[in-house]
Each structure stands twice: as structure tokens, then as C-alpha cells.
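Look through the sequence and the model first, then read on.

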Amino acid sequence: MKKIIPCLDVKDGQVVKGINFEGLRLMGDPVEMASNYSENGADELVLLDISATTEGRDTMVDVVKRVAEKISIPFAVGGGIKTLDDISRVLDAGADKVGINSAAVDRPELIKEAAEKFGSEKVVAAVDAKQFPDGSWHVMTHGGMKDAGLDAVQWSKMLEELGAGEILLTSVDRDGMKDGYDLELTKAIADAVAIPVTASGGCGNSGHIVEVFEKTDCASALAASIFHENTVSIPEVKKQCRERGVNVSDS
């Protein structure tokens, strides 16, 4: 059963959206938007905290608490998660899963420790990947700006070995461009690991979601702009998926 996952980028308590991780626009209130998606067929949600400040962290925990009170579907929270204490705070506030990105690159043992302490099903390894001239994909950190010098396919395999329960894969090249997911990248990672992979970055219409399900073995498709801007509704996307023989849950 394939999942459709709206993503809310949260900065200072508000949902924002950018292109290639830059140029942010305000989109709305995260609790209201999360509640709306929960009622309208989303299978899961992702909340990404893109505030860089300590005050932003506290704001985010408050947002997580309020979202957890309002929605009935599972949701993951990522952004700035660096320690087991950070993970505890977010899970205690009501999140079902936690996304870990840069901190895992800095100290891969964090994934293993988190999986042992909280269970693999709570640990989402976020991989931001960018294609380089030689055709390989490198893992990027710091909002897609810094090359970590790791091969994205090999790194994804290592994350699985360390105990991550799933991978949230974002194409830095495609993020916010609305011209489709990076099918080659998504296929490479989904074929390399046995854990579920969520495709992210580049969705511009419902056809892109159908396409990534048809052409890769990803378990979920994540999108932001097309849902926030009401380009298409989740029930419409699911209807199109079903018409093309893609197995999705009923909205």
C-alpha cells in the first residue's frame, strides 16, 4: 500500500515553502494545515523544523504537541535533531517518528543508539542527495548546501544496517522545482535497501506521484507545494493512482 505524505516546513511556528531550500514564503498555520490534511486523506505527515534558533526549537515542540492533539494519522518530525534528548522531547510531545539528517552524518552511531532506545520504527533517516558531474549522488547537509563527501546509495545501506526504520530521500536538485521526482535517484536508493523509502523533492502535479510509484519501488511520495497551493487534493491524487493500478489506501 503506497502512502501519500504532505510535508510542512515550519519556521518560527509558521509553515513556509522555498525553492532549492531558499526563498521562503509563508503558507499558513501548521496545526490547522495538519488537521486539514489528516481529515482529507493524507496517510502520514512530515513536519520539518527549519528554524535555526534555540527559541525555534521550543516553538516547534509546542507545534508538535498541538498537532498531536488534532490529528489521528502518524507524523514524523525532523530538523535540528542532534541528540537522544532531542528525540525524546519530540516523541514525548506526540510525534510518532523522528527524522535525523546532519547529526547522523556527523555521528552515525546516533542512528544505532536511537533505534536501540526508541525502536527502529521511530527512526527516519533523512538523506538529502545531489547529483555530481560523474553521475554519482552525494549526501548533502546544512539545508542542501554542504557536500558530506558520502555516496548516497552506500550511505543509505549503512543507515539501514545501523537500524533506521525508513529513509526520507530528498533530491536537492529537484526540491521546489515542480518538474518531477528524481526517478533515477529514487530507484537507486529504493533498490539498494529493504526498508521503506519516501521520495521527496520536485513534485509539481499528481502525475509525478503516479510516475514515481510506477517507475520506482518507493513506499511513499512526499509533496508540499501542490497540496499547500491547492493545485490538487490528496483524494484526487489517490483516485488517479488507483486508475493507473497503484495500490493506495482509501481516503
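Is Glu-109 buried, exposed or partly exposed? Glu-109 counts as partly exposed, because its relative accessibility is 40%; here buried means under 20% relative accessible area, exposed means over 50%, and partly exposed lies in between, with a 1.4 Å probe and protein chains only. This is a predicted model, in which local features need pLDDT of at least 70 and side-chain atom pairs count only at pLDDT 80 or more, while totals for chains, interfaces and linings use all residues. Residues are numbered from 1 along each chain as its sequence is written, and side-chain values use heavy atoms, with hydrogens and water left out.

Glu-109 forms a salt bridge with Arg-107, and their closest N and O atoms are 3.9 Å apart. A salt bridge is a side-chain nitrogen of Lys or Arg within 4 Å of a carboxyl oxygen of Asp or Glu. Arg-107 is also partly exposed, at 36% relative accessibility. By this rule the count comes to 19 salt bridges. Side chains of opposite charge can pair when their charged atoms come close.

Another salt bridge joins the side chains of Arg-66 and Asp-62, at 3.3 Å from N to O. The two residues are four apart in helix H2 (residues 54-70), so about one helical turn separates them. Helices (H or I, at least four residues) and strands (E, at least two) are DSSP runs, numbered from the N terminus. Arg-66 is partly exposed at 32% relative accessibility, and Asp-62 is partly exposed at 38%.

The side chains of Lys-3 and Glu-44 also meet in a salt bridge, at 2.8 Å from N to O. This pair links distant parts of the chain: Lys-3 is in strand E1 (residues 3-11), and Glu-44 is in the loop between helix H1 (30-39) and strand E4 (45-49), 41 residues apart. Lys-3 is partly exposed, with a relative accessible area of 31%, whereas Glu-44 counts as buried at 7%.

Turn now to the strands. Seven of the nine residues of E7 are buried, so E7 is largely enclosed by the rest of the structure. Which way do E7 and E10 run relative to each other, parallel or antiparallel? E7 and E10 run parallel and are joined by six bridges; two strands pair if DSSP finds at least two bridges between them. Within this pairing, Asp-128 stands opposite Thr-170 in E10. Strand E6 (residues 97-100) also pairs with E7 in the parallel sense, over three bridges, and Ile-100 has Ala-125 in E7 as its bridge partner. E8, by contrast, runs antiparallel to E7, and four bridges join them. Val-139 in E8 is the bridge partner of Ala-129. The hairpin of E7 and E8 has five residues between the strands, and Gly-135 there takes a positive phi near 95°.

Helix H7 (residues 183-192) comes next. Its buried residues are Leu-185, Thr-186, Ile-189 and Ala-190. Seen down the axis of H7, these residues fall within an arc of 120°, so they line one face of the helix; the arc is that of the directions from the helix axis to the C-beta atoms. They pack against several elements, including strand E7 (123-131), strand E8 (137-141), strand E10 (166-171) and helix H8 (206-215). Asp-182 caps the N-terminal end of H7, with a side-chain oxygen 3.3 Å from the backbone nitrogen of Glu-184.

The nonpolar interior remains. In soluble globular proteins, nonpolar side chains tend to be buried together. A nonpolar core is a set of buried Ala, Val, Leu, Ile, Met, Phe, Trp, Tyr and Cys residues joined through side-chain atoms within 4.5 Å. The largest nonpolar core has 74 residues, and those with the most contacts inside it are Ile-100, Ile-209 and Phe-227. Apart from it lies another core, of eight residues, among them Ile-5, Val-46, Leu-168 and Leu-222.

Ile-81 is found in the loop between strand E5 (75-78) and helix H3 (84-92). Ile-81 counts as buried, because its relative accessibility is 7%. Leaving aside neighbours within four places in sequence, Ile-81 is in contact with residues including Asp-86, Val-98 and Ile-100, where contact means heavy atoms within 4.5 Å.

Definitions and conventions: A polar contact is a pair of N or O atoms within 3.5 Å; within protein, one must be able to donate a hydrogen and the other to accept it, and residues adjacent in sequence count only if both atoms are side-chain atoms.
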